[in-house]
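These are my notebook entries on a structure that was new to me. I set down what I looked up, entry by entry.

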Amino acid sequence: MDSELIRRLAHVVGDDGLVLDEAAQAPYVEDWLRKWRGRTPVVVRPRNTTEVAAVMRLCRQSGTPVVPQGGNTGMSGGAAPDDSGAQVILSLNRMKRIREVDTVNNTITVDAGVLLADVQNAARDAGRHFPLSLGAEGSCTIGGNLATNAGGTAVLRYGNTRDLALGLEVVLPDGRVWSGLRGLRKDNTGYDLRGLFIGSEGTLGIITGAVLKLYPRPQGRVTAWVGAESCDAVVSLLTRLQARCGERLTAFEMMSAYCVGLVSRHVSGAACPLAGEHACHALIELSDAAPEGLAELLEQSLAGPLEEGLIADAAIAANESQAKAMWRLREGISQAQVRAGKAVKHDIALPISRLSAFIKEADAAVAREFPGLPIVNFGHVGDGNLHYNVLLPLDVPHEEYVHLTAGLNRCVHDLVVQRGGSISAEHGVGQLRRDELRRYKSTVEMDLMLMIKRALDPDQLMNPGKLL
Ligand code: FAD
Ligand code: 2HG
Ligand code: ZN
């Protein structure tokens, strides 16, 4: 990269806004899974939207590709540069301003670099609730959540990130700013531009700010851990609880016995609250702004399924620390996988009515084609979203890993798509699923996406090699 561009970038963001040293660049050029590692001439860290716009103008003038990056916690390699050494990383990690909290409109306006946990905290301080919740909330940014349309554990009640955003501010590839920070719940004035940028994974522009929805703070929360003899039973329990508890059912997470064992072995302090062995487990949470009767509702809702033998055992958390321990067991699965082996990840969505049949069919197909490999099946079953991962040994040779990954992806994803599902429910496409996308999307759908990309980013400078 020519030193003149570096000098101009420094003029915009200040010397302390550039990371040029190779050692200091390390956390930016590799993703947290250590799966994708690239090189960059410089990490640029603007402080505000005006600086982002100026950086984008300079990059466009010089034909420099840009990789937007938030907390770098993504699962699909979307925030890592390639190894050409030509792609600038634009990090939002100095844009951390809570711009406004409006408790009458129930909205919060934030810079894109604010950590998800800090958005939650700001909402709590204002007596409100921001419901997006996921394992990486202490390190992912709201900009990254928007760019990937992140899901997490509260989608069942509140929807995914797209459902939680009312307005956006976006810097376009040519440096112009689209100020769409509208806190409106109704606005039918043309195409849904907000929806277009959400989930675009940094390929259309840089999200610099957002207006997000706030909700009443739940005053009551009850959490239970359930053991059942099959995933089938857990899916049936979901339907029963939805009918009985309605919107008070805020989380319904499922995990196989293998996942529970994995976390118990690899995450210190994590233990299953149930005594016996069960093939499938569920973590259930009810919450409400009006807490009356919540605990009784959960107890009564589980009593019938227990008596009928639909589920085998259940434990209701007696206090906050027991509830937290249950969540630790669930949230520990990602970490446990990293410690136990190399996971071939599948982040799939299916109609809930087809989940049980899919699991049976996929279990049989994986056992037949890849005998002996453990399946790490867990996920947000209330949203029809499974993380149907397959664990390879830590010391698997690279070539075998690549070969097995391709075979497992084909085996699992073909079944998913045959059953009307999606090969990326919440983690996005990034580099991980880019080539597979062409296999499963129709030509018309791919053409539409390419037309949008060409129209907004004619020079192909935004996050090249990702998504499309
Ligand atoms: P990054 O990883 O930095 O970037 C992700 C993508 O967004 C990249 O393509 C990047 O170019 C783009 N991008 C980032 N910021 C911007 C911006 N301001 N403008 C334009 N593009 C941008 N995800 C879920 O959906 N549900 C989960 O339950 C979940 N659990 C997780 C648990 C753990 C332990 C971990 C490590 C990750 C988990 N994730 C989950 C994945 C990840 O946290 C989310 O994808 C998150 O939304 C990424 O945010 P980030 O700020 O880290 O984005
Ligand atoms: C979760 O739900 C995340 O915990 C991570 O989406 C999934 O590790 C995974 O495969
Ligand atoms: Zn998930």
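**Conventions.** I worked with a predicted model, in which local features need pLDDT of at least 70, side-chain atom pairs count only at pLDDT 80 or more, and totals for chains, interfaces and linings use all residues. Residues are numbered from 1 along each chain as its sequence is written, chains are lettered from A and ligands numbered from 1 in the order in which they are written, and side-chain values use heavy atoms, with hydrogens and water left out.

**Domains.** I looked up the domain assignment of the protein chain and found domain 1 (3-91), domain 2 (98-216), domain 3 (220-337) and domain 4 (341-450). Such bounds come from an automatic or database domain assignment. I noted that the C-alpha centres of domain 1 and domain 3 lie 42 Å apart.

**Ligand 1.** Which residues are the closest to ligand 1? I found 35 residues around ligand 1, and the closest are Pro68, Gly70, Gly71, Thr73 and Thr141. A residue counts as near a molecule if one of its heavy atoms lies within 4 Å of it.

I then turned to polar contacts, meaning pairs of N or O atoms within 3.5 Å; within protein, one must be able to donate a hydrogen and the other to accept it, and residues adjacent in sequence count only if both atoms are side-chain atoms. A side-chain N or O atom of Asn145 is 2.9 Å from an oxygen atom of ligand 1. From the backbone, an N or O atom of Gly78 lies 3.2 Å from an oxygen atom of ligand 1, and one of Gly144 lies 3.4 Å from an oxygen atom of ligand 1. The protein buries 94% of the 970 Å² that ligand 1 exposes when taken alone; the areas come from the Shrake-Rupley method with a 1.4 Å probe, and for residues only the protein chains shown count as cover.

The elements giving two or more residues to this shell are β3 (66-69), α5 (142-148) and β10 (206-213), and α5 gives the most, with five residues. Helices (H or I, at least four residues) and strands (E, at least two) are DSSP runs, numbered from the N terminus. I recorded 13 nonpolar, 20 polar and two charged residues in the shell around ligand 1. In this division Ala, Val, Leu, Ile, Met, Phe, Trp, Tyr, Cys and Pro count as nonpolar, Asp, Glu, Lys and Arg as charged, and the others, Gly among them, as polar.

**Ligand 2.** I listed residues around ligand 2, among them Met75, Arg330, Lys345, Phe378, Asn389 and Glu426. For Gln337, a polar side-chain atom lies 3.2 Å from an oxygen atom of ligand 2. On its own ligand 2 has 300 Å² of accessible area, of which the protein covers 90%. The shell takes two or more residues from each of α13 (333-340), β18 (375-380) and β19 (385-392). Domain 3 and domain 4 each supply at least three residues to the shell around ligand 2.

**Lys453.** Is Lys453 buried or exposed? Lys453 counts as buried because its relative accessibility is 8%; buried means under 20% relative accessible area, exposed over 50%, and partly exposed in between (1.4 Å probe, protein chains only). Lys453 lies in helix α17 (residues 443-456). Its side chain reaches the backbone oxygen of Thr203 at 2.7 Å.

**Gln87.** I placed Gln87 in the loop between β3 and β4 (88-91). At 3% relative accessibility, Gln87 counts as buried. A polar atom of its side chain lies 2.9 Å from the backbone nitrogen of Asp82.

**Asp31.** I found Asp31 in the loop between α2 (22-29) and β2 (43-44). Asp31 is buried, with a relative accessible area of 4%. A polar atom of the Asp31 side chain lies 3.0 Å from the backbone nitrogen of Leu33. Not counting residues up to four places away in sequence, Asp31 touches Trp36 and Asn72, where contact means heavy atoms within 4.5 Å.

**Helix α4.** Which residues of helix α4 (residues 116-125) are buried? They are Leu116, Ala117, Val119, Gln120, Ala122 and Ala123. These buried residues pack against β5 (98-102), β6 (107-111), β7 (128-129), α5 and β10. After α4 comes Gly127, whose phi is positive, near 75 degrees.
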